[in-house]
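Hi there,

Here is the structure I promised to pass on to you. Have a look at it first, and then read my notes below.

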Amino acid sequence: MKSTAPVIYFCLVTALACVQIFMGANIFVILSLYLISICGCFSLSIRDHRAGDILYFLFVLYYGTFALVIKTALLQPVDENLDVPDLVSVVILVGFMSITVAYIVSRNIVFRFKFSREMSAYLSDGAILSKCVSIFFPIGIAFDTLHVFLRPVATQVAIDSGEGIGFFGTFYFITIFAVVCEASLAFSDRHGSRRGIARLGGMLLIIMLVSLAGNVKQSFIASISAAFVVFLMNKSRINIVREVVLGGALAFILMFYVSPAIHITRGQAKELPILERLDLAYEVMERASFDPFELQAQSEAVLAGYGASSDPRLNYFFPFTLNIDRLCLIHPTNLVVSGSETAGEMGLDALNVWSSVLPSFLVTKSAAASVDEIAWFYNFRARGMVARPVLGLVASSFAVGGGLGVLFLPGIAVLILFVILNGLSGPLFGNPFGLFIGTSFLIIVEADLSGVFIYIFRNLLFIVAFAVVVKVALDAMGIARPPQAGAQSQ
């Protein structure tokens, strides 16, 4: 990555911290967020990025930088709406240092699975990438659509999952694989073309329509994030201004078009057939004359009716109802830490791994996840409300074991995850298979402790099994013979 990126990033973060000091924000919170944020300079300065480097930088953004950026933009001190600012600043700093130590250790464990090197060799061929897009994008969209049609829908008054099949959502990574393959073609120095970029745009448009029909943002966000990471990793030189403009444009579309359309229609869409949900979303945008700020205002009006948005304790950006609290993990950590003063620790009750990993004939399934159990225990969600709040590793580790939990558990989870992912991905530059592995796990930055292990024990196994099937098919078809393993970068 261009050598000026870490310098520009450091100057930006420092400037934001200085503005917060002049605003009179709590010095301990500023210091904690600043120290976490500047850790991003290390991953930005690395040349041979692996999956762990991308995920670590996301942890930096979620635990530090995003809070500084958004709070400063809203002219709010970073400690505003925090119950225990001094204590939570210590907790997130200790938890993040645990993550950082694990990251540094994982960077020094350098190995590469032979299978991964061979897959990288196969996918270095533009013809094979094109075939993979043609085959797997329709399959991925079919699974996404089946998930939208058949998934069980939890309600605020029902904890049991009820009717529906959620299994199809497990294969979310097939769509990401197709997007990564097409993005690798579109943004490659060898294969790149405007036609390829247009095809990628068409794929993302289809994914967006499926997301609107399903009234969920996650699949579209995951796909567009994967394409953006491929774009960054396939460039030998980075134009900071261009990348900031592109990233800002994508964020604008998500925040002011896709997200408002989903929130405004969510109440009505539950009762409508899938295709009619698309008509409803279009009607909402049309009534607003496609004015992004009018759509955002309508979305804020809808969200203001929910207790979490109108309560300063539950909304980090109150009185703004932006619904982006998930980007600032200091906030849920504050809710858990402040709640522990009266409720104490949950212990192992905060872990709920096997009910999500094992099939329903072995364990009793519930729509409630471990994050719901934690939210109920610490009383920032009404018991029985299945809301799946974003808590993150540090908050959930504190719920399990308090201070000792924060000191050790995030690091243990991250070390296991990063070592496996780095061994599967290898260097990401010009490596579609490694980029597929890395981008399939971007959402893990929002996961709680149970969620990380669920990704390792379930999602990772499915992803590796899928890659094995693809490799076996390529071997059987005799499309190409990968070079000897030693020819691939370590």
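The axes of helix α6 (residues 114-122) and helix α20 (residues 449-477) come within 11 Å of each other and cross at roughly 55 degrees. Axes here are lines fitted to C-alpha atoms, for helices over the stretch in contact, and angles run from 0 to 180 degrees between N-to-C directions. Helices are DSSP runs (H or I, at least four residues), numbered from the N terminus. The angle makes α6 oblique to α20, because angles under 35 degrees count as roughly parallel, over 145 as roughly antiparallel, 65 to 115 as roughly perpendicular and the rest as oblique. The crossing is left-handed, meaning that the near helix is turned anticlockwise from the far one by less than a right angle (clockwise would be right-handed). On the α6 side, the contact (heavy atoms within 4.5 Å) is made by F115, E118, M119 and Y122, and on the α20 side the residues include V464, A467 and K471.

A word on the source: this is a predicted model, where local features need pLDDT of at least 70 and side-chain atom pairs count only at pLDDT 80 or more, while totals for chains, interfaces and linings use all residues. Residues are numbered from 1 along each chain as its sequence is written, and side-chain values use heavy atoms, with hydrogens and water left out.

Now back to α6. Is E118 buried or exposed? E118 is buried, with a relative accessible area of 16%, as buried means under 20%, exposed over 50% and partly exposed in between (1.4 Å probe, protein chains only). The side chain of E118 makes a polar contact with the side chain of K471, at 3.2 Å. A polar contact is a pair of N or O atoms within 3.5 Å; within protein, one must be able to donate a hydrogen and the other to accept it, and residues adjacent in sequence count only if both atoms are side-chain atoms.

Another pair to view is helix α5 (residues 85-107) and helix α18 (residues 392-425), which pack at about 20 degrees with their axes 8 Å apart. That makes α5 roughly parallel to α18, and the crossing is right-handed.

Happy exploring!

Key
Helices (H or I, at least four residues) and strands (E, at least two) are DSSP runs, numbered from the N terminus.
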